[in-house]
Amino acid sequence: MKLLSKEKIILNGQAKDKYEAIRMAGNLLVQAGHVTAEYVDKMLEREEIVSTYMGGGLAIPHGTKEAKSLISSTGLSVVRFPEGVDFGGDEPAFIVIGIAAAGGDHMEVLTNVAMVFTDESNLEHIMNATTEEQIADILEGGMEA
């Protein structure tokens with residue numbers, strides 16, 4: 001199963017706050033069969049402990065360590081918020097990437113996603129993408145490097 005497919009991408013998300021944004025990203029992971037519905041609660045729980053806002057318009061919500069048992073396979077979801085969502089940082093999050101990493105994949109997946117965004121042109125490309133496939137290509141391409 002691919003880490004990211006167009007079914008797990010929302011181009012024009014709207015959320016009133018970061019919790020709604022995290023729920024949207026989490027529900028895509030649930031619908032794709034990567035996680036159980038309880039995993040979304042663990043994503044919200046983690047946000048209470050420490051913000052998953054990374055700066056530069058990017059948030060990477062994921063579950064707590066205790067949520068490992070709720071993950072059946074590794075996967076990503078992407079919700080793009082053209083108007084941004086307040087994650088408590090200096091600027092809003094425009095890209096929210098939900099992560100579910102099975103087994104020992106967690107740090108690797110998190111690092112790979114973060115690395116894609118160290119190249120600022122990738123964020124711009126994702127913000128300007130007109131299709132879900134374009135976003136998937138940018139992320140998948142960056143993660144194979």
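The predicted model exposes about 7,100 Å², of which carbon and sulfur atoms supply 51%; accessible areas were computed by the Shrake-Rupley method with a 1.4 Å probe, and for residues only the protein chains shown count as cover. Of the 145 residues, 49% count as buried, the term denoting a relative accessible area under 20%, with exposed meaning over 50% and partly exposed the range in between (1.4 Å probe, protein chains only). Because the model is predicted, local features need pLDDT of at least 70 and side-chain atom pairs count only at pLDDT 80 or more, whereas totals for chains, interfaces and linings use all residues. Residues are numbered from 1 along each chain as its sequence is written, and side-chain values use heavy atoms, with hydrogens and water left out.

The protein contains five helices and five strands, arranged from the N terminus as β-α-α-β-β-β-β-α-α-α; both element types are DSSP runs numbered from the N terminus (helices, H or I, at least four residues; strands, E, at least two). The radius of gyration, taken over C-alpha atoms, is 13 Å, close to the 15 Å that the globule rule gives for 145 residues, so the protein is as compact as a globular protein of that length. The rule is 2.2 Å times the number of residues to the power 0.38. Along its principal axes, the C-alpha trace spans about 35 × 30 × 25 Å. Among contacts (heavy atoms within 4.5 Å) with a separation of 6 or more, 65% are between residues 24 or more positions apart.

Strand 4 is mostly covered, nine of its eleven residues being buried. Two bridges join strand 4 in parallel to strand 1 (residues 9-10), with Val-79 as the bridge partner of Ile-10. Strand 4 also pairs with strand 5, in the antiparallel sense and over seven bridges; here Arg-80 stands opposite Ile-95. Pairing requires that DSSP find at least two bridges between two strands.

The largest nonpolar core comprises 24 residues, of which Ala-21, Tyr-39, Phe-81, Phe-87 and Val-96 touch the most other members. Such a core is a set of buried Ala, Val, Leu, Ile, Met, Phe, Trp, Tyr and Cys residues joined through side-chain atoms within 4.5 Å. Helix 1 (18-31), helix 2 (37-49), strand 4 (75-85) and strand 5 (93-100) each supply at least two residues of this core, and the largest share, six residues, comes from helix 1. Beyond residues up to four places away in sequence, Phe-81 touches Gly-13, Gln-14, Ala-15, Ala-21, Met-24, Ala-93, Phe-94, Val-96 and Met-127. A second, separate core of 23 residues includes Leu-76, Ile-97, Ala-101 and Ile-126.

Lys-18 lies in helix 1 and is buried, with a relative accessible area of 15%. Its side chain is joined to that of Glu-47 by a polar contact of 3.5 Å, defined as a pair of N or O atoms within 3.5 Å; within protein, one must be able to donate a hydrogen and the other to accept it, and residues adjacent in sequence count only if both atoms are side-chain atoms. Residues up to four places away in sequence excluded, Lys-18 touches Glu-47, Val-85, Asp-86 and Phe-87.

Val-35 is placed in the loop between helix 1 and helix 2 and counts as buried at 7% relative accessibility. The C-alpha atoms of Val-35 and Leu-70 are separated by 5.6 Å, although these residues are 35 apart along the chain. Neighbours within four places in sequence aside, Val-35 is in contact with Gly-26, Leu-29, Val-30, Leu-70, Ile-71, Ser-72 and Ala-100.
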